[in-house]
Amino acid sequence: MSSERAIDLVKNELPVDDESMVFSGDLRTGLVLVDIVNGFCTVGAGHLAPKVPDKQISRMVDESTRLARMFCEKKWPVFAFLDTHQPDVLEPPYPPHCLAGTEEANLVPALQWLENESNVTLRRKDCIDGFLGSFEKDGSNVFVDWVKKHQIEAILVVGICTDVCVLDFVCSALSARNRGYLTPLRDVIVYSGGCATFDLPLHVAKSITGALAHPQELMHHVGLYMAKGRGAKVVSEVSFAA
């Protein structure tokens, strides 16, 4: 069976219904950007960056930038995770990446302007799951505090990777919501066009010791399906009311 047929089969058997979302301001909404940094998105920027231009990742960056500009124009809250690691703290099974103090750990050029926006909260995290990476040494959680401070009822989540950092954060946020730790948060919304993952075909993975195959389109779909199965709303279009 060809990879295209396999992907079609999975999409037919595990559908993620297309929905659209229009934001009007009636629902207090925050935008969450997950790891849109050079080390994951900019060609040649590091071990886990794309080796050649990637359409899915480029679209994710473009859509995330569009949404960020809309949220900032409206002065709605934005929370951006930046994957950032100390060189002596490994994160198996991944090779060293997004090391603190390097360009890998910085926002992609299209989003660097966010650093100067008053409605934006930046959080450097040193683990896959941004919710866990938001804990401080005193037990407080920067993300939880952000939700409560702005009385956020819904979060719109975009970023990379759909089936790794995005999914892990979404699952933790949903669990925290269900346990009452994120009041008044109700909805966790994942925008499919604003998410992306990496591509590691089987024939390439076989040449890398310990690597697992990771076909991009298939794993992107699986990530969205898993998020929806945990209780997230997955949408394929995002717009704003006039």
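Guide: Happy to. The model is a predicted one, in which local features need pLDDT of at least 70 and side-chain atom pairs count only at pLDDT 80 or more, while totals for chains, interfaces and linings use all residues. Residues are numbered from 1 along each chain as its sequence is written, and side-chain values rest on heavy atoms, with hydrogens and water left out.

Our loop is the one between α3 and β3, and Lys-75 is found there. Look at its backbone: phi at Lys-75 is positive, about 60°, although the residue is not a glycine. Its relative accessible area is 51%, so Lys-75 is exposed; the classes are buried for under 20%, exposed for over 50% and partly exposed in between, with a 1.4 Å probe and protein chains only.

Helix α3 spans residues 55–73 and holds both Glu-63 and Arg-66, three residues apart, about one turn of the helix. Glu-63 and Arg-66 form a salt bridge whose closest N and O atoms are 3.0 Å apart. The rule asks for a side-chain nitrogen of Lys or Arg within 4 Å of a carboxyl oxygen of Asp or Glu, and the count by it comes to eight salt bridges. The two partners are placed in separate classes: Glu-63 counts as buried because its relative accessibility is 17%, and Arg-66 is partly exposed because its relative accessible area is 30%.

Asp-83 forms a salt bridge with Lys-125, and their closest N and O atoms are 3.1 Å apart. Asp-83 lies in strand β3 (residues 78–83) and Lys-125 in strand β4 (residues 120–125), so this pair ties together parts that are 42 residues apart in sequence. Both Lys-125 and Asp-83 are buried.

Between these two strands runs another loop, and Cys-98 has its place in it.

With 6% relative accessibility, Asn-38 counts as buried. Contact means heavy atoms within 4.5 Å. Neighbours within four places in sequence aside, Asn-38 is in contact with Ala-45, Ala-49, Glu-103, Glu-104, Asn-106, Leu-107, Val-108 and Pro-109.

Next come two peptide bonds to inspect. The one from Ile-160 to Cys-161 is cis, with omega near 0°, and Cys-161 belongs to the loop between β5 (154–160) and α5. Thr-183 and Pro-184 are also joined by a cis peptide bond, with omega about 10°; here Pro-184 sits in the loop between α5 and β6 (187–196).

Let's return to charged side chains for a moment. Side chains of opposite charge can pair when their charged atoms come close. Arg-28, Glu-153 and Arg-186 are linked in a network of salt bridges. Another salt bridge joins the side chains of Lys-11 and Glu-217, at 2.7 Å from N to O. This pair links distant parts of the chain, since Lys-11 is in helix α1 and Glu-217 in helix α7 (residues 216–229), 206 residues apart. Lys-11 is partly exposed, with a relative accessible area of 30%, and Glu-217 is partly exposed at 40%.

Our last stop is strand β7 (residues 233–235), where Val-234 lies. Val-234 counts as buried because its relative accessibility is 4%. Leaving out residues up to four places away in sequence, Val-234 touches Val-16, Asp-17, Glu-19, Val-190, Leu-224 and Lys-228.

Note on methods
Helix = DSSP H or I, 4+ residues; strand = E, 2+ residues; numbered from the N terminus.
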